[in-house]
Amino acid sequence: MLSKEYKAIISATVPILEQGGEALTRHFYQTMFRDYPQVQPLFNLSNQAEGKQQRALANAVLMYAKNIERLEALGPLVATIINKHVSLQILPEHYPIVGASLLKAIREVLGAEVATDEVLAAWGAAYGQLADILIGAEEQIYQQNAAAEGGWRGARQFKVAQKTVESEEITSFVLVPADGGKVVQHLPGQYIGIEVAVAGSPLRRQYSLSAEANGSDYRISVKREAGGVVSNHLHDQLEVGANLQVFPPAGDFVLTQSDKPLVLISGGVGITPTLAMLTTALRSKRPVHFIHAARHAGVHAFRAQVDALAAQHPQLQRFYCYETAAADGAHATGYLTAQQLSQWLPETRDVDAYFLGPKPFMKAIKQQLAELGVPDAQARYEFFGPAEELA
């Protein structure tokens, strides 16, 4: 437990973090990568270049400082961080590296007059408290994954059993264990971490599982990102028979059992986790409204699969919105609006809604669902990459 004095110091730094938190975290990453280059494979440098990682960390540090007196209020944020750490196999030995780099950045960015020895001592103790919480929770998940049927701990070698082009941008990879064993049954909505060697350097990434659990393999569906080192490597270099390292499934953005109508809304590659949710939900006979937005038909992945499911399951209604011409077979064109969304939602607003996609898309959907009367607690979302907040 932190002392009252330390808690007071942490709380007093909130205004500083609100104004300069991102500059602090930017310097933190620069410092850590310079002093400890061995941790670079754990981070997506594209997110670094775009500032996503810095903003996410700045928000997390700020929320921690604001809630230092009531850490239970951090529940959802902590759970998200824990799952992302598990998917990348963050280990106890990584935490001292982060702690040392954070304290060094605080002193160098704020200066010795603001970041006094007392301030650094308080933040060192606060970081230690948070690290203990995360390490303990992550260890529990590591043990659960290892003990589960088909489970394992750490990296496990898989090979590519199938490679399928799903659209102009998305390709699916079916991965099977090289040892011929089973795999952990994942929950619909979860993701796995993978490690591949690109130009001799090991790099780790997380990808949603785009098919429901079957106990024998995993399917990921990867969008080719402009400048994406790993996504382009997977598209261009990873062929059937190739090997890669896989970490067990993780993630708390999962489909929950319910009798309420289910609404799945996705934009672009955000469709990937909703596919596992869709096929799982259809067996429960609950009404499902599947809504997908894409730029055009050429980048719309899995349309034939969803159409086939709709033909087999009368409780499934699906709607597609393309930015360009309706001649491509979309139900609407342009951006998805609240007016259009209201026509595609069930009559009742007492629904379970899950939505994923680019951040501007999700921000708009969150606002539209609220305007249309969907309870906030029943509108769930997750970010690809660093955890953020939708204002």
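In which sense do strand β9 and β10 pair, and over how many bridges? Strand β9 (residues 316–322) pairs with β10 in the parallel sense, over two bridges. Pairing requires at least two DSSP bridges between two strands. Cys321 stands opposite Ala332 in β10.

This is a predicted model, where local features need pLDDT of at least 70, side-chain atom pairs count only at pLDDT 80 or more, and totals for chains, interfaces and linings use all residues. Residues are numbered from 1 along each chain as its sequence is written, and side-chain values use heavy atoms, without hydrogens and water.

The open sheet has six strands, ordered β10-β9-β8-β7-β11-β12, with parallel pairing. β10 (332–333) and β12 (379–381) each have a single partner strand, so one side of each lacks a neighbour in the sheet. Strands (E, at least two residues) and helices (H or I, at least four) are DSSP runs, numbered from the N terminus.

Angles run from 0 to 180 degrees between N-to-C directions; axes are lines fitted to C-alpha atoms, for helices over the stretch in contact.

| Helix | Strands touched | Direction angle |
|---|---|---|
| α9 (residues 271–282) | β7, β8, β9, β11 | about 160 degrees with β8 |
| α12 (residues 359–371) | β7, β8, β11, β12 | about 160 degrees with β11 |

Helix α6 (residues 95–110) packs against helix α7 (residues 117–147) at about 155 degrees, with axes 10 Å apart. The two are therefore roughly antiparallel, a term for angles over 145 degrees. Contact residues include Tyr95 and Leu102 of α6 and Trp123 and Tyr127 of α7.

Terms used. Contact means heavy atoms within 4.5 Å. Angles under 35 degrees count as roughly parallel, over 145 as roughly antiparallel, 65 to 115 as roughly perpendicular and the rest as oblique.
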